[in-house]
Amino acid sequence: MEVSVMGSSQVNFGRNDLGCREAVNCSFTKNLVVNISSSLKNSKICVGQSVKLGGKCLSRFSLKASGCSQAEPVLSKNNRNPKQTDGVKLFVGLPLDAVSNTNTVNHARAIAAGLKALKLLGVDGIELPIWWGVVEKETMGKYNWTGYLALAEMIQKLGLKLHVSLCFHASEEAKIPLPEWVSRIGETDPSIFFKNGSGQSYKDCLSFAVTDVPVLDGKTPVEVYTEFCESFKATFSPFMGTTITGISIGLGPEGELCYPSRHNPSKMNNHRGAGEFQCYDKYMLSSLTQCAESNGNPLWGLGGPHDAPGYDQQPMTSNFFKENGGSWETSYGDFFLSWYSEQLISHGSQLLSLASETFHDVPISICGKVPLVHSWYRTRSHPSELTSGFYNTANRDGYVEVVEMFAKHSCQIILPGMDLSDNHQPKESLSSPELVLAQITSSCRKHGVEILGQNSLVANAANGLEQIKKNLSGVKEMSLFTYQRMGADFFSPEHFPAFTQFVRNLNQPELDSDDQPMKEEVRVASNHLQMQAA
């Protein structure tokens with residue numbers, strides 16, 4: 001399969017001599033060359049060995065232990081069932097922009113070399129973000145999967161598993177917008193996007209109030225997402241259940257089930273504020289008005305809480321979130337917060353339902369991501385969680401209904417922030433990522449929902465790798481952990497050796513010298529990297 005790559009000749013992923021664009025990301029590739037070779041030479045990975053994560057057995061894998069230059073790692077036959085329960089699988093995410101806006105593969109040779117290094121290191125699989133704005137870019141119903149097919153084939157040839165994230169949001173970081181035709185509709189009807197109390201819109205995903213409203217040229221977002229998933233299923237059918245073992249459905253901003261309450265338009269994100277309620281687009285206000293009238297209090301439907309703070313104001317200085325006697329504890333507060341969270345749950349349920357129904361006949365797992373909203377957790381009102389859509393306070397467990405929704409649709413739940421610890425949070429934020437994780441995990445345990453873990457960002461949390469190890473051994477409901485994500489930071493001298501040691505330390509059995517990776521295999525991978533940097 002040939003795929004054109006921006007700025008260069010074509011790339012043929014069916015051959016070993018992968019081409020790439022000339023303007024390859026230099027820091028990414030050079031960091032690969034410097035670090036992967038030295039790190040892998042010290043990796044203790046044996047032939048046919050069971051790799052351990054926190055004392056749990058990973059699926060077995062083997063390396064072709066021959067002296068030829070074509071030595072390739074392959075999975076053993078007993079790693080075929082995506083729902084097997086013999087331990088926590090370790091995945092690594094590809095860069096957000098692995099496929100460009102023009103549907104070409106970015107950094108092709110660097111990605112290929114990085115994948116091979118991760119395979120040699122003992123990683124089970126790869127997470128691939130697939131963007132709505134890339135695949136269905138120009139016209140509704142017209143799909144282009146070219147770049148993603150190329151990456152899936154590359155991953156398959158290496159014997160790695162693949163978890164796909166279907167992203168129905170835009171990414172400022174990766175510079176990937178929503179589909180052009182959706183943005184054009186938004187220019188005519190800006191209320192398809194979230195809006196805060198100041199009238200500022202968040203245009204990186206659609207408002208939850210339009211999920212089942214025909215605002216997209218006569219179709220509802222649910223219908224459009226369903227057709228997208230059906231096209232994906234048909235296009236990637238050769239990979240389903242073999243290479244592709246899991247799919248996550250995007251549920252909101254950054255792919256997470258939450259309101260974009262923390263996306264401060266002023267860009268002054270800090271630990272002072274708790275975010276703002278996002279309920280002022282006309283569709284959200286219409287829903288609120290109807291709910292208030294049916295409740296017998298029409299004045300409650302005029303808008304969000306008038307006494308809630310702004311983005312950068314300390315929540316405890318406002319009357320709404322005040323610790324004792326705040327509006328959140330009044331009848332009005334309960335009404336509004338219940339309605340606000342119900343909109344979130346309804347949206348999430350519809351998307352998990354469409355994913356479960358679309359992929360019910362293929363042997364893959366379906367999941368969605370719930371953020372770890374931990375700022376201000378050590379208060380009674382939990383303001384950051386409330387603005388994000390989780391009605392969780394000292395008086396109420398707001399995660400039970402979220403987990404029940406995942407259980408209803410037989411879906412797994414992705415929990416990020418596994419690298420965050422309480423000791424490294426600013427004291428003034430009254431934060432506790434560990435307590436939030438424990439609360440959600442407890443609910444998952446009660447309702448039989450499997451957890452897929454993720455970290456926050458590469459090198460973003462002090463002692464993050466140690467905290468991940470702690471959670472891998474402590475969260476018994478976790479079946480898969482995805483480390484986010486490949487890129488220049490991941491392969492930097494400051495990070496990649498530590499990650500290599502992290503994986504090696506999860507390797508519990510003592511190894512004989514004969515069990516070390518073949519030097520020829522490491523040499524081939526190293527030479528391939530050097531050729532890319534040349």
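Ala108, Ile111, Ala112 and Leu115 of helix α2 meet Leu151, Met154 and Ile155 of helix α4, where contact means heavy atoms within 4.5 Å. By class, this contact of α2 with α4 has seven nonpolar, no polar and no charged residues; Ala, Val, Leu, Ile, Met, Phe, Trp, Tyr, Cys and Pro count as nonpolar, Asp, Glu, Lys and Arg as charged, and the others, Gly among them, as polar. The model is predicted, so that local features need pLDDT of at least 70 and side-chain atom pairs count only at pLDDT 80 or more, whereas totals for chains, interfaces and linings use all residues. Residues are numbered from 1 along each chain as its sequence is written, and side-chain values use heavy atoms, with hydrogens and water left out.

## Helix packing

Helices (H or I, at least four residues) and strands (E, at least two) are DSSP runs numbered from the N terminus. Helix α2 covers residues 108-121 and helix α4 covers residues 146-157. Axes are lines fitted to C-alpha atoms, for helices over the stretch in contact, and angles run from 0 to 180 degrees between N-to-C directions.

| Helix pair | Packing angle | Axis separation |
|---|---|---|
| α2 and α4 | about 30° | 10 Å |
| α6 and α8 | about 30° | 10 Å |
| α7 and α8 | about 130° | 11 Å |

Angles under 35 degrees count as roughly parallel, over 145 as roughly antiparallel, 65 to 115 as roughly perpendicular and the rest as oblique. The helices α2 and α4 are therefore roughly parallel to each other, and α2 passes α4 in a right-handed crossing. A crossing is called right-handed if the near helix is turned clockwise from the far one by less than a right angle, and left-handed if anticlockwise.

Helix α6 (residues 221-235) packs with helix α8 (residues 331-358) at an angle of about 30°, which makes α6 roughly parallel to α8. The crossing of α6 and α8 is right-handed. On the α6 side, Val222, Tyr225, Thr226, Cys229, Glu230 and Lys233 take part, and they meet Gln350, Leu351, Leu354 and Thr358 of α8. Sorted by class, the contact of α6 with α8 has five nonpolar, three polar and two charged residues.

Helix α8 also packs with helix α7 (residues 282-294), at an angle of about 130°, and α7 and α8 are therefore oblique to each other. Here too the crossing, of α7 past α8, is right-handed. Met284, Ser287, Leu288, Cys291 and Ala292 of α7 meet Phe335, Phe336, Trp339 and Gln343 of α8, a contact with seven nonpolar, two polar and no charged residues.

Val105 is found in the loop between β7 and α2, and Ser100 has its place in the loop between β7 (89-93) and α2. At 0% relative accessibility, Val105 counts as buried, and Ser100 is buried with a relative accessible area of 7%; buried means under 20% relative accessible area, exposed over 50% and partly exposed in between, with a 1.4 Å probe and protein chains only. The C-alpha atoms of Val105 and Leu151 are separated by 7.7 Å, although the two residues lie 46 residues apart along the chain. Leu151 is also one of the α4 residues that meet α2. For Ser100 and Lys175, which are 75 residues apart along the chain, the separation of the C-alpha atoms is 9.1 Å.

## Backbone geometry

Most residues other than glycine have a negative phi, and most peptide bonds are trans. His382, in the loop between β13 (365-369) and α9 (383-388), has a positive phi near 50° and is buried, with a relative accessible area of 5%. Ser410, in the loop between α10 (400-408) and β14 (412-415), has a positive phi of about 55° although it is not a glycine, and Ser410 is exposed, with a relative accessible area of 65%. A cis peptide bond, with omega about -20°, joins Gln484 and Arg485, and Arg485 is found in the loop between β16 (478-483) and α13 (496-505).

## The chain as a whole

The secondary structure of the protein chain comes to 14 helices and 16 strands. Of its 534 residues, 61% count as buried. Among contacts between residues at least 6 apart in sequence, 77% join residues at least 24 apart. The protein chain exposes about 20,800 Å², of which carbon and sulfur atoms supply 48%; accessible areas come from the Shrake-Rupley method with a 1.4 Å probe, and for residues only the protein chains shown count as cover.
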